[in-house]
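I am opening a notebook on a structure that is new to me. My entries below keep to what I looked up.

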Amino acid sequence: MLSTLLSSIIALILSCVVMGLGWMLAKRAISDREKSSPFECGFDPIKSARLPFSMRFFLLAIIFLIFDVEIVLLFPILVSMSSSFSSSLVFGLFVFLIILVLGLFHEWNEGSLDWAQ
């Protein structure tokens, strides 16, 4: 019991020391003007690096991630179908695919898949 309490106190003190050292060292690095400015091949930055992000590109990236995760979710079903065939597994697969196809048609009709208009 005493050794557990002692090791917990040592771990708490050690973590506080490491966090304090990190905070003190980071404070010195933040104040450097050259490190806080954007780097453009050795030249002074022409424009601000904080330009607004294209919302159409963001939506297309999210749609890509959704359909990319779809492949990851479908792969275990296909592997399990090769070892044993189950009608409930096939039904669940078709329901999942129908939901994804309906989502794809919705995005298509909404115009989110049109890159340039």
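These are my entries, from the whole chain down to single residues.

**Ground rules.** I am reading a predicted model, where local features need pLDDT of at least 70, side-chain atom pairs count only at pLDDT 80 or more, and totals for chains, interfaces and linings use all residues. Residues are numbered from 1 along each chain as its sequence is written, and side-chain values use heavy atoms, with hydrogens and water left out.

**Confidence.** I looked up pLDDT, the predictor's confidence in each residue, from 0 to 100. The protein chain averages 79, and 75% of the residues score at least 70. Where pLDDT is low, the predicted coordinates should not be read in detail.

**Layout.** I found four helices and zero strands. Both are DSSP runs, numbered from the N terminus: helices are H or I with at least four residues, strands are E with at least two. The order from the N terminus is α-α-α-α.

**Surface.** The chain exposes about 10500 Å², and carbon and sulfur atoms supply 74% of that. These areas come from the Shrake-Rupley method with a 1.4 Å probe; for residues, only the protein chains shown count as cover. Of the 117 residues, 8% count as buried. Buried means under 20% relative accessible area, exposed over 50%, and partly exposed in between (1.4 Å probe, protein chains only).

**Helix α3.** This helix has 29 residues and reaches 44 Å from first C-alpha to last, close to the 42 Å expected. The expected span is 1.5 Å times one less than the number of residues. I noted a bend of about 25° at L74, with a proline, P76, following within four residues. The bend is the angle between axes fitted to the seven residues ending there and the seven starting there.

**What does the buried side of α3 pack against?** The buried residues of α3 pack against α4. In α3, I63, E70, L74 and I77 are buried.

**E70.** I picked this residue in helix α3 (residues 55-83). E70 counts as buried because its relative accessible area is 13%. Leaving out residues up to four places away in sequence, E70 touches F96, L97 and L100. Contact means heavy atoms within 4.5 Å.

**Aromatic pair.** Rings of Phe, Tyr and Trp (its six-membered ring) pair if their centres lie within 6.5 Å; planes under 30 degrees apart count as stacked, over 60 as edge-to-face and the rest as tilted. By this rule I count one aromatic pair. F105 and W108 form it, stacked, at 6.3 Å centre to centre with 20° between the planes. Both lie in helix α4 (residues 87-110), three residues apart, about one turn of the helix. F105 is partly exposed at 41%, while W108 is exposed at 52%.
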